[in-house]
Amino acid sequence: MSFGGIPLPGKPGTFLRKNFHGCMENLYYNGINIIDLAKRRKPQIHSVGNVTFSCSQPQLVACTFLSSSSSFLTLPSAASATGGFSVRFQFRTWNLDGLLLAVQLNPETQRLELQISNSRLHLTLHSSGRPKSEVSAGHRVNDGLWHSVSLNTRNLQITLTVDGESSSAIELWEQLESRGNFYFGGCPTMDCQHLTPAFQGCMRLIFINSQPMNLSHVQQGLLGNSNELQFDTCNIRDRCLPNLCEHGGRCSQTWSSFSCDCSGTGYSGATCHNSIYESSCEAYKLIGSSSGFYSIDPDGSGPLGPTQVYCNMTEEKVWTVLTHNSTAPVTVQGSSFRKPHILKFNYSTSPEQLRAIVSGSEQCQQEVVYNCKKSRLFNTKDGSPLSWWLDREGERRSYWGGFLSGVQQCSCSLEGNCIDMNYFCNCDADTDAWANDTGILSYKDHLPVSQIVIGDTNRTGSQAVYHIGPLRCYGDKSIWNAASFYQESSYLYFPTLQGELASDIAFYFKTSTPSGVFLENLGLKDFIRMELSSPSVVTFSFDVGNGPVVLSVKSHLPLNDRQWHYVRAERNVKEASLQVDQLPLRFLEAPADGHPRLRLSSQLFVGGTATQQRGFLGCIRTLTINGVSFDLEERAKMTPGVSSGCPGYCSGSSSLCHNRGRCIEKSNGYVCDCSQSAYGGTTCNQEVSVSFDMESSVTYTFQEPFSVMQNRSSQASSVSTESSSRAREDVAFSFVTSQRPTMLLTVSTFNQQYITVILAKNGSLQIWYHLQRDRSPDVFSPTLSNLADGRLHRIRIHRVGKNLYVQIDQDIHTKYTLSSDAELILIRSLTLGKVTS
């Protein structure tokens, strides 16, 4: 390990790149003081070049501008020997915008401003009666590093230099002089207070007319004036180190907060915690999808990431199909036991994702086909197999069908129909005629097949042709994994919830009681709890050291109606949220500099509390925390007061109501509520569609203004504030047309906002968002291909704040950024169709 440079092996004093020049202190490695060992010339430390143990660098006095609205530093103008004026200084910041310098000029009614605008420096000269003059310089000066700036007026020019690069200049009509004070970082006077925001960051090495400004004198009140400044330190904080954006999200920051860019990650949310994909093909079927290629995320918000699979929904069972690199039959000749034919199978997903998909499925299977002519599988004198395959863990397996993993047999033996009953496989009869052993491997823990070894095709006339089919799985074990709680003192317990920085909890419940705790996990002082606090209110509460935080969602209908209700809560370092059914999300922003970590120590209690009070009576199913599904049924088998499963028609593993239709229990059966579905019929599986003639349309006018963001609380929290930029919409529809241009959908509000989805003249899709009256609409074209092709296309649009996600058919989601995060307020109407001539 080297410090200060990277030497080339065998070439002392030669470095791969420019070595470090400067001072280091407090250099420790695994608790060992490296500098102290070097001073004492210990043999394990080797120094190259001029290394001394004193630091001759000058001590630089910096000051920190703390407020974006009221910080400023006022310094008087020093006398200039050459006329004009010059200013130079160094600064560092994370903010995209801020005022660095303002000064009034002679002749009067002129002023000069230097600002950071959109991460570049902009110098502006304002002159009465003349257009303002502007130049720009620098790139990404908000990267948190020190940048040097120099301003100079001479030769009828104002020159701006950043970090020693080429200067930018404003041409002058006359020589300018400074008038009055120089204002750094902000302004105290009315004539430049409009130049907000003020600068937030650090400055040092300020020179005016080549005279250094002593910041210590400013602190002592001997020089200039200041407000909201901190002296003798640069108190800048890197909020992206460590990077709290998950799943590869890119972190950016300002002085007071950080944000995550989740584009291209497959995740969304404030910290890129939530997968934008469903967890299984079964889940896609439940929301009304049809057969096709889909990205699934088998562990949700966990670390595995999404993978593409084929979902076959043509049968009653929903099959997940994963292919490998050898789809065609393979012919083998010339292989022997000592020199066998070996083929490794590479699947379209990682081994970890495969394991998660298989373990989360109810059943998996893989077809193996072995066509043979004088090529045996198991027929040897000592019983050792001539051919075998490796399971997903690399273990050798020698059964050729079924689920009896310890039996060296083929399917014909299990079914009793082998061509020679003296052998367990057709191929082991070792005949000159072609024979076949085909089987379905269905022992889930061994799947998929990772490698095959064929060892008996080297005799005269010997040949084999084999084929290993794709891995096929059906069912999602977590969707209907349920437990019934029928004693208030009963609960299920699991290991401590692991989610210091981020955690999400989702489940379904149904009950007839007015209140009860769904789950609870305690720490020394921290805690997290979810409960039905009254018949129509679900509450999510927690404390990470900043004081208790409570989020509540109130339903206009009772939630203790013996029907299934969905609940999802999330808490991360940026915000907390709570969702109940289709009700609008409830958000709270976390304090900028509060405690970020949730420290828990007790067991996780489900259906009750550690005090065995206020326990939940009813059913809970599909409990998932941080992408991990909890096996409630297995734990309930050994817990008094709790039983596996949940009674009722609507609790089975088969989906009685389709396409997000809601199953409602009745005393003698069930009915499907299709009000939240785009489908109708008794089971919400009949498409609700309309055919439009030329110039025709359908408009839904809301009886009263409707807001997509309700449940806003008027109560202010001392530790958290409600986010003002959490607008969100979810839009999905299918269409078929051959006409273009055409309007597909328009949502308009009483505030002249609108969302419009159209097909342009060339048939390409366009999405228009107009959220602010004083701005032009944002227009996005997700695809240039012609969608007016007479085929069925499905459009999905999902927005969170400024982030817009668009999916066309089965393509991957595309992310766009809106110019505004305004909400759609007071929706007036929804219009569908209007094919123009």
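Which residues form a nonpolar patch on the surface? They are M1, F3, F20, M24 and Y29, with about 560 Å² of accessible area together. Patches here are made of residues with over 30% relative accessible area and no salt bridge; like charges are joined within 9 Å, and nonpolar side chains (Val, Leu, Ile, Met, Phe, Trp, Tyr) within 5 Å. A salt bridge is a side-chain nitrogen of Lys or Arg within 4 Å of a carboxyl oxygen of Asp or Glu. Areas come from the Shrake-Rupley method with a 1.4 Å probe, and for residues only the protein chains shown count as cover.

The model is predicted: local features need pLDDT of at least 70, side-chain atom pairs count only at pLDDT 80 or more, and totals for chains, interfaces and linings use all residues. Residues are numbered from 1 along each chain as its sequence is written, and side-chain values use heavy atoms, with hydrogens and water left out.

Stay with F3 for a moment. It lies in the segment before β1 (7-8). Its relative accessible area is 39%, so F3 is partly exposed. The classes are buried for under 20% relative accessible area, exposed for over 50%, and partly exposed in between (1.4 Å probe, protein chains only).

Now the whole chain. It has six helices and 63 strands. These are DSSP runs numbered from the N terminus: H or I of at least four residues for helices, E of at least two for strands. The C-alpha trace spans about 110 × 80 × 70 Å along its principal axes. Of the 837 residues, 49% count as buried. The accessible surface comes to about 41300 Å², and 48% of that belongs to carbon and sulfur atoms. Take contacts between residues at least 6 apart in sequence: 64% of them join residues at least 24 apart. Contact means heavy atoms within 4.5 Å.

L125 gives a local view of such packing. It sits in strand β10 (residues 120-127). Its relative accessibility is 5%, so L125 counts as buried. Neighbours within four places in sequence aside, L125 touches L105, Q110, R111, L112, K132, S133, I158, I170, L172 and L176. T314 is elsewhere: 189 residues from L125 in sequence and 70 Å away in space, C-alpha to C-alpha.

Helix α4 (residues 351-360) comes next. Its buried residues are Q353, L354, A356, I357 and V358. An α-helix has 3.6 residues a turn, so residues three or four places apart point the same way. The cover over the buried residues of α4 includes β24 (292-296), β25 (307-312), β26 (319-322), β29 (363-373) and β35 (471-474).

Rings of Phe, Tyr and Trp (its six-membered ring) pair if their centres lie within 6.5 Å; planes under 30 degrees apart count as stacked, over 60 as edge-to-face and the rest as tilted. The count comes to 22 aromatic pairs. F293 and Y310 make an edge-to-face one, at 5.1 Å centre to centre and 70 degrees between the planes. F293 lies in β24 and Y310 in β25, so the pair ties together parts 17 residues apart in sequence. F293 is partly exposed at 47% relative accessibility, and Y310 is partly exposed at 28%. Compare F733 and F735: the ring centres are 6.3 Å apart and the planes at 40 degrees, so this pair is tilted. F733 is buried at 14% relative accessibility, and F735 is buried at 8%. Ring pairs also link F65, F89, F91, F184 and F199 into a cluster.

Charges meet rings too. The rule asks for NZ of Lys or CZ of Arg within 6 Å of the ring centre and within 35 degrees of the ring normal. The charged end of R396 sits over the ring of W388, 3.7 Å from its centre. The charged end of R621 sits over the ring of W564, 4.8 Å from its centre.

What about the backbone? Most residues other than glycine have a negative phi, and most peptide bonds are trans. The bond from L241 to P242 is cis, with omega near 0 degrees. P242 lies in the loop between β19 (229-231) and β20 (250-253). The bond from R740 to P741 is also cis, with omega near -5 degrees. P741 is in the loop between β55 (728-735) and β56 (742-749). D163 has a positive phi, near 55 degrees. D163 belongs to the loop between β13 (157-162) and β14 (168-171), and is partly exposed at 34% relative accessibility. T622 has a positive phi of about 55 degrees, but is found in strand β47 (residues 618-625). T622 counts as buried, at 13% relative accessibility.
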